Amino acid sequence: MALHLLRQPSENVHHFTSAIDNLRDKVCYCSRCRMISDEELCSICADPKRNHGTICVVESVRDVMSIEATLQYHGVYHVLGGIISPMAGIGPSDLNIRELVERVEALENPSECEVILALPGDVEGETTAFYIYRQIENSGITVSSLARGLGFGDDLEYADSLTLGRSIINRQIFKP
């Protein structure tokens, strides 16, 4: 990177370093969902057209970006900042789970709302999803998770038994 910057005009390098300074000084986390933002509320939480009764819980900011790229989701998010991983020394108190529980408890009509657990399908992701479920199960809110199973174009012979089993359990009505 240093060699590349040395080949650039001086004004470009100064503009680049100024942008990095601004990034560190002006970018923060949304006070509601913990997405990166340059305002107290991110553009997603501040958008009145979004469905604020549907909260998609994700591990990281990158997950928000991935879901937003699909153009299929119109709710809001909650970024945990990681997943429960005892081996890495990460427990529930290290994540933004308490803030999620408070958001759910503050909903006016929880029976009309949904929390989507969009977490990894590994042991840590499932543990985190189960922990969150136990924290909000009595709130009256619907809790769902992403479908798991075979990806588009995958061959059955290369699928592991857990993935194939989930694909069978989560099967859908065929729509040509």
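Here are some notes on the predicted model above, as numbered points.

1. Ground rules. This is a predicted model, so I kept to the cut-offs used: local features need pLDDT of at least 70, side-chain atom pairs count only at pLDDT 80 or more, and totals for chains, interfaces and linings use all residues. Residues are numbered from 1 along each chain as its sequence is written, and side-chain values use heavy atoms, with hydrogens and water left out.

2. Overall layout. The protein chain has six helices and six strands, and from the N terminus on they run α-α-β-β-β-α-β-α-β-α-β-α. Helices here are DSSP runs of H or I with at least four residues, strands are runs of E with at least two, and both are numbered from the N terminus.

3. Overall shape. The radius of gyration is 20 Å, well over the 16 Å that the globule rule gives for 176 residues, so the chain is more spread out than a compact globule. (That radius is taken over C-alpha atoms, and the rule is 2.2 Å times the number of residues to the power 0.38.) Along its principal axes, the C-alpha trace spans about 60 × 45 × 40 Å.

4. Surface and contacts. Buried residues account for 28% of the 176 in the chain; buried means under 20% relative accessible area, exposed over 50%, and partly exposed in between, with a 1.4 Å probe and protein chains only. The chain exposes about 12,200 Å², and carbon and sulfur atoms supply 54% of that (Shrake-Rupley method, 1.4 Å probe; for residues, only the protein chains shown count as cover). Of the contacts between residues at least 6 apart in sequence, 49% join residues at least 24 apart, where contact means heavy atoms within 4.5 Å.

5. The α4/α5 pair. The axes of α4 (residues 97-106) and α5 (residues 123-136) come within 10 Å and cross at roughly 35 degrees. Those axes are lines fitted to C-alpha atoms, for helices over the stretch in contact, with angles from 0 to 180 degrees between N-to-C directions. On the α4 side the contact uses Ile97, Leu100, Val101 and Val104, while α5 brings Tyr131, Ile132, Gln135 and Ile136. By type, that is seven nonpolar residues, one polar and no charged. (Ala, Val, Leu, Ile, Met, Phe, Trp, Tyr, Cys and Pro count as nonpolar, Asp, Glu, Lys and Arg as charged, and the others, Gly among them, as polar.)

6. Asn96 and Arg34. Asn96 sits in the loop between β4 and α4 and is buried at 16% relative accessible area. Beyond its neighbours within four places in sequence, Asn96 contacts Arg34, His78, Val79, Leu80 and Gly81. Arg34 itself lies in the loop between β1 (28-29) and β2 (36-37) and is partly exposed at 28%. Have a look at the backbone there: phi of Arg34 is near 75 degrees, a positive value in a residue other than glycine.

7. Met87 is in the loop between β4 (75-79) and α4, exposed at 81% relative accessible area.

8. Ser167. This residue belongs to helix α6 (residues 161-169) and is buried, with a relative accessible area of 16%. Not counting residues up to four places away in sequence, Ser167 touches Arg148, Gly149 and Leu150.
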